[in-house]
Amino acid sequence: MTANPVLITGAAQRVGLHLVHRFLEQGRPVIMTYRQHRKQIDQLTAQGVRCIQADFATDDGIAALVSALSGQPLGAIIHNASSWDLEADIHDAARHFDAMMQVHAKAPYLLNRHLAGQIEDGGSIIHITDYTVEKGSDRHIAYVASKAALSSLTLSFAKLLGPRVRVNSIAPSLIIFNEDDDAQYKAKTLAKSVMGIEPGCDEIWLAVHYLLNSRYVTGRTLHVDGGRHIR
């Protein structure tokens, strides 16, 4: 990997934040986006991370990020920004569906189209999708549909940008629990996979590290699901 920065969207918490720290440990410059300011943003800025507020809920928010990055060479883009709600909690289904597509499909599509020319030769784009793309979900219908669209974008952009830029997906299932998840929920979730563990964010880092350093893999999805698809 070269010294050109990695752009990570939605990196103020959880997996995205872990990736930022891992790149910093390697001495790799990072540009990250965040939707809402958190105390971590000030800490990361002090460490030399370029932190850009970006709201992908609107086309103007996406365009503002493109403008902020105009002329900035990039080593890779990792599309990690995400949002989801239970279908049972949705009161405006049409607006919810559009919102999911906006964040998970339209934003990566537009960012790829506008920023691909700034990615170095041999660089990468990585889409973070979801294991449920393979099986669907009656609890997160719009969310999964939007992640499936993102998975399709992986194939199309791999064709469009190859061989100069490789484009791949990572499709995780459980990586880390939320702080408010109770013991019953945790046990039920762990039982869904063959491995039966909470693997931690480093599993995604290992997948990212592999895809960034590969010279040959493109248009593929790396499943990080603990065998959940065969349970």
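**Strands, cores and charged pairs**

Modeller: Let's begin in the sheet: I125 has V167 in β6 as its bridge partner. Keep in mind that this is a predicted model.

Biologist: What makes β5 and β6 a pair?

Modeller: Two strands pair if there are at least two bridges between them. β5 and β6 have five bridges, in the parallel sense, so they count as a pair.

Biologist: How many bridges do β6 and β7 have, and in which sense do they pair?

Modeller: Four bridges, parallel. In that pairing S169 stands opposite T221 of β7. On β5 there is also β4: five bridges join β4 (residues 74–79) to β5 (residues 119–128), running parallel, and I78 stands opposite I126.

Biologist: What is the order of the strands in the sheet?

Modeller: The open sheet has seven strands, in the order β3-β2-β1-β4-β5-β6-β7, with parallel pairing. On average, neighbouring strands are turned by 20 degrees against each other, direction ignored.

Biologist: Which helix lies across β4?

Modeller: Helix α4 (residues 93–115) does; it lies across β1 (6–8), β4 and β5 and runs at about 170 degrees to β4.

Biologist: Why is β6 called largely enclosed?

Modeller: Seven of its seven residues are buried, so the rest of the structure largely encloses β6. Both faces are covered: R166, N168, I170 and P172 are buried on one side, and V167, S169 and A171 on the other. In a regular strand, side chains alternate between the two faces of the sheet.

Biologist: How do you know that N168 is buried?

Modeller: The cut-off for buried is under 20% relative accessible area. N168 has 1%, so N168 is buried. The side chain of N168 reaches the backbone nitrogen of R220 at 3.0 Å. Leaving out residues up to four places away in sequence, N168 touches I125, I126, H127, T154, L211, V217, T218, G219 and R220.

Biologist: And I204, buried or exposed?

Modeller: I204 comes out at 2%. With the limit at under 20%, that makes I204 buried. I204 lies in helix α7 and, not counting residues up to four places away in sequence, touches V15, L19, I170, P172, I175 and V224.

Biologist: Which residues touch the most other members of the largest nonpolar core?

Modeller: Of its 30 residues, those are I8, F23, M32, I78, I170 and V208. The elements giving two or more residues to this core are β1, α1 (14–25), β2 (30–34), α2 (39–46), β4, β5 and α7 (202–213). Helix α7 gives the largest share, six residues. Apart from this core lies another, of 25 residues, including F56, L74, L153 and A158. In soluble globular proteins, nonpolar side chains tend to be buried together.

Biologist: Now the charged residues. Why is the contact between D59 and K106 called a salt bridge?

Modeller: The side-chain nitrogen of Lys or Arg has to be within 4 Å of a carboxyl oxygen of Asp or Glu. For D59 and K106 the closest N and O atoms are 2.9 Å apart, so the pair qualifies. The pair links distant parts of the chain, with D59 in helix α3 (residues 59–68) and K106 in helix α4, 47 residues apart.

Biologist: What makes D59 partly exposed?

Modeller: Partly exposed sits between buried, under 20%, and exposed, over 50%. D59 has 37%, so it falls in between. K106, at 35%, is partly exposed too.

Biologist: How do you know that R95 and D92 form a salt bridge?

Modeller: Their closest N and O atoms are 3.8 Å apart, which is within 4 Å, so it counts. R95 is at 63%, over 50%, and so exposed.

Biologist: Where are D121 and R164, the partners in another salt bridge?

Modeller: D121 is in strand β5 and R164 in the loop between α5 (141–161) and β6, 43 residues apart. Their N to O distance is 3.0 Å. D121 counts as exposed at 61%, whereas R164 is partly exposed at 29%.

Biologist: How many salt bridges does the whole structure have?

Modeller: Five. Salt bridges that share partners join R22, E25 and D202 into one network.

Notes
Residues numbered from 1 in each chain as written. Predicted model: local features only at pLDDT ≥ 70, side-chain atom pairs only at ≥ 80, totals over all residues. Heavy atoms only, no water. Axes fitted to C-alpha atoms, helices over the stretch in contact; angles between N-to-C directions. Contact = heavy atoms within 4.5 Å. Core = buried A, V, L, I, M, F, W, Y, C linked by side-chain atoms within 4.5 Å. Buried < 20%, exposed > 50% of the residue type's maximum accessible area, 1.4 Å probe, protein only. Polar contact = N/O pair within 3.5 Å; in protein donor to acceptor, adjacent residues only side chain to side chain.
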